[in-house]
Amino acid sequence: ADQFQAPDYYNLDDLLSDEHKMVRDAAREWVKREVSPIIEEAAQKAEFPKQIINGLAEIGAFGPYIPEEYGGAGLDQISYGLIMQEIERGDSGVRSTASVQSSLVMYPIFKYGTEEQKKKYLPKLASGEMMGCFGLTEPDHGSNPSGMTTTFKDNGDHYLLNGAKMWISNAPFADIAVVWAKNEEGRIYGLIVERGMEGFTTPETHNKWSLRASATGELVFNNVKVPKENLMPEKSGLGAPLGCLDSARYGIAWGAIGAAMDCYDTALRYAKEREQFGKPIASFQLQQKKLAEMITEITKAQLLAWRLGVMRNEGTATSAQISMAKRNNVEMAINIAREARQVLGGMGITGEYSIMRHSMNLESVITYEGTHDIHLLITGADITGIPAFQ
Ligand code: TGC
Ligand code: FAD
């Protein structure tokens with residue numbers, strides 16, 4: 001059984017409201033009950049566990065902060081963060097599915113879509129009846145999405161969409177895709193593409209060593225006729241997809257804490273139980289150093305995420321502040337996973353424990369939603385006023 005006990009070294013619970021704690025605890029219990037028992041096998045088989053979709057919807061993981069009138073949970077940003085933390089405590093791939101559905105599919109429809117689009121898609125996305133994916137990255141344009149070559153052009157009562165997207169989470173099973181493409185003037189817009197439209201295919205990406213319980217694929221558009229009412233008109237330009245990324249990156253800053261907590265908690269328990277040289281390995285200074293540094297880093301990351309959440313609630317958090325938290329917290333988690341794996345010795349490499357899976361997953365998390373390098377450059381540009389991307 002899942003024995004997880006969440007570390008809270010600085011009594012962060014005192015900073016949370018009763019609603020925050022209730023939402024967090026419900027997500028935590030659900031992960032223990034529904035995710036932990038099945039996730040290792042799903043990851044080993046490289047299958048997304050579709051049976052958890054309903055449960056994700058029930059804990060409010062699809063559109064936590066989308067208003068209730070559109071089917072969302074109507075929660076604040078801290079609750080959103082806490083849900084992501086708990087889900088990623090289970091698995092980063094499951095959190096990916098929730099991040100994409102909420103921040104990369106529901107958010108753009110809510111912010112940039114028409115009233116008809118909101119009514120048509122948001123309630124079904126919130127309930128999990130419909131699943132979505134987000135296509136920004138292309139084979140030749142990852143860190144530099146402004147160079148994208150996917151295009152759409154006016155063709156009477158519809159647009160003709162051509163191009164390809166790569167590394168798209170949820171693509172193999174998604175019912176709809178929010179796709180970013182350039183019009184004839186080179187201006188970027190988001191289009192809602194539905195599965196079944198002629199010329200639209202979603203080949204799956206195989207042989208991943210990371211995020212194996214998440215389905216990843218391509219989006220290929222070959223003269224796809226997209227009805228004009230599927231264009232999201234309220235925002236265009238690169239700022240439109242980047243606005244969605246702000247929300248998803250914020251969720252990852254919390255999610256990474258969950259993965260780190262799980263690794264720390266597992267390593268701490270193991271170190272107290274495992275004996276070598278006639279003593280628990282937790283009694284050796286070298287192991288204590290690892291564990292003490294882990295809890296210190298987790299505590300710092302919690303404070304960063306919490307403060308960012310307060311600023312998100314106030315509407316004052318900048319994109320650069322979000323980049324700092326995503327970058328710091330994911331690096332924190334990947335380092336903790338690596339150290340925790342060593343505390344478990346040989347057992348650490350097996351699927352008996354979650355640590356190696358977290359460690360492999362975090363290799364994707366440190367790359368997607370803006371690589372570790374790109375977030376450093378965003379901070380660099382912000383503090384110096386000099387962008388160093390090119
Ligand atoms: P730049 O000139 O800096 O900006 C272009 C326009 O965008 C505006 N902007 C933003 N708006 C909202 N939010 C942000 N975070 C924004 N950052 C920039 C900016 O003001 C400007 O607006 P305007 O009106 O002046 O045109 O653009 P650039 O081409 O120099 O690129 C900047 C850079 C490198 C930081 C950006 O392109 C970037 O972030 N690259 C990384 C790409 C990335 O993160 N891709 C993620 C793909 S999705 C994904 O990975 C999902 S995984 C999900 C999962 O499974 O969990
Ligand atoms: P590149 O941009 O080619 O970068 C390669 C290396 O060069 C990196 O180390 C990078 O930091 C470095 N680099 C690039 N530019 C600079 C620079 N200016 N200065 C210094 N170094 C630089 N995308 C989506 O749109 N939707 C999704 O759902 C999605 N899901 C994903 C799921 C997984 C499992 C993975 C692995 C990726 C996913 N992505 C998704 C794509 C992800 O966002 C990209 O992989 C990421 O943005 C990096 O792009 P790239 O892989 O093309 O690497």
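Author: Residues count from 1 along each chain as its sequence is written, and chains are lettered from A and ligands numbered from 1 in the order in which they are written. In this predicted model local features need pLDDT of at least 70, side-chain atom pairs count only at pLDDT 80 or more, and totals for chains, interfaces and linings use all residues.

Reader: How many helices and strands does the chain have?

Author: Both are DSSP runs, numbered from the N terminus: helices are H or I, at least four residues, and strands are E, at least two. Here there are ten helices and ten strands.

Reader: What does the radius of gyration say about the chain?

Author: It is taken over C-alpha atoms, and the globule rule is 2.2 Å times the number of residues to the power 0.38. For 390 residues a compact globule would have a value near 21 Å; the chain has 21 Å, so the two agree.

Reader: What span should helix H1 have?

Author: The expected span is 1.5 Å times one less than the number of residues. H1 (residues 18–45) has 28 residues and should span 40 Å; its end C-alpha atoms are 39 Å apart, which agrees.

Reader: Where does H1 kink?

Author: A bend is the angle between axes fitted to the seven residues ending at a residue and the seven starting there. In H1 a kink of about 50 degrees lies at valine 35, shortly before proline 37. Just after H1, alanine 46 takes a positive phi of about 55 degrees.
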